[in-house]
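Have a look at the picture first, then read on.

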Amino acid sequence: MTEYDCQETKKHVHEYLKNELSELELTEITVHLANCDSCEADYDFESVFNSVIVKSCTEAPPQELAERVLSKIRALQANPHG
């Protein structure tokens, strides 16, 4: 069983927000958040940040941008050190 101190809570806050943890993990993090102002502030920030991303990313990128990004990824895969 994982002890949800600040470090563990902050490490799993994204999965917590996405409800991707077990019931026990969700409960333990909820308890920690309720008793830790620092982690609660990080949770609040992450929650708002995720909401902004979801609202801002509803459009597909222009085809030219998508092709440029894919080209750079392929170049990095072909030559990871240069």
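Asn19 sits in the loop that links H2 and H3 (helices here are DSSP runs of H or I with at least four residues, strands are runs of E with at least two, and both are numbered from the N terminus). This is a predicted model, where local features need pLDDT of at least 70, side-chain atom pairs count only at pLDDT 80 or more, and totals for chains, interfaces and linings use all residues. Residues are numbered from 1 along each chain as its sequence is written, and side-chain values use heavy atoms, with hydrogens and water left out.

What is the phi of Asn19? Phi is near 55°, a positive value in a residue other than glycine. For background, most residues other than glycine have a negative phi.

Buried means under 20% relative accessible area, exposed means over 50%, and partly exposed is in between (1.4 Å probe, protein chains only).

| Residue | Relative accessibility | Class |
|---|---|---|
| Asn19 | 55% | exposed |
| Glu15 | 26% | partly exposed |

Glu15 belongs to helix H2. Leaving aside residues up to four places away in sequence, Glu15 touches Glu20 and Leu21; contact means heavy atoms within 4.5 Å. Glu15 and Leu26 are 11 residues apart along the chain, and their C-alpha atoms are separated by 9.3 Å.

Leu26 brings us to H3, where Leu26, Glu28, Ile29, His32 and Leu33 are buried. They cover an arc of only 165° around the axis, so they lie on the same side of H3 (the arc is that of the directions from the helix axis to the C-beta atoms). On the other side of H3, you'll find Glu23, Ala34 and Asn35 exposed. What covers the buried residues of H3? The cover includes helix H1 (6–11), helix H2 (13–17) and H4.

So how do H3 and H4 meet? Helix H3 (residues 23–35) packs against helix H4 (residues 37–56) at an angle of about 110°, with the axes 6 Å apart. Axes are lines fitted to C-alpha atoms, for helices over the stretch in contact, and angles run from 0 to 180 degrees between N-to-C directions. That makes H3 roughly perpendicular to H4, a label for angles of 65 to 115 degrees (under 35 is roughly parallel, over 145 roughly antiparallel, and the rest oblique). His32, Leu33 and Asn35 of H3 make the contact with Asp37, Cys39, Glu40 and Tyr43 of H4.
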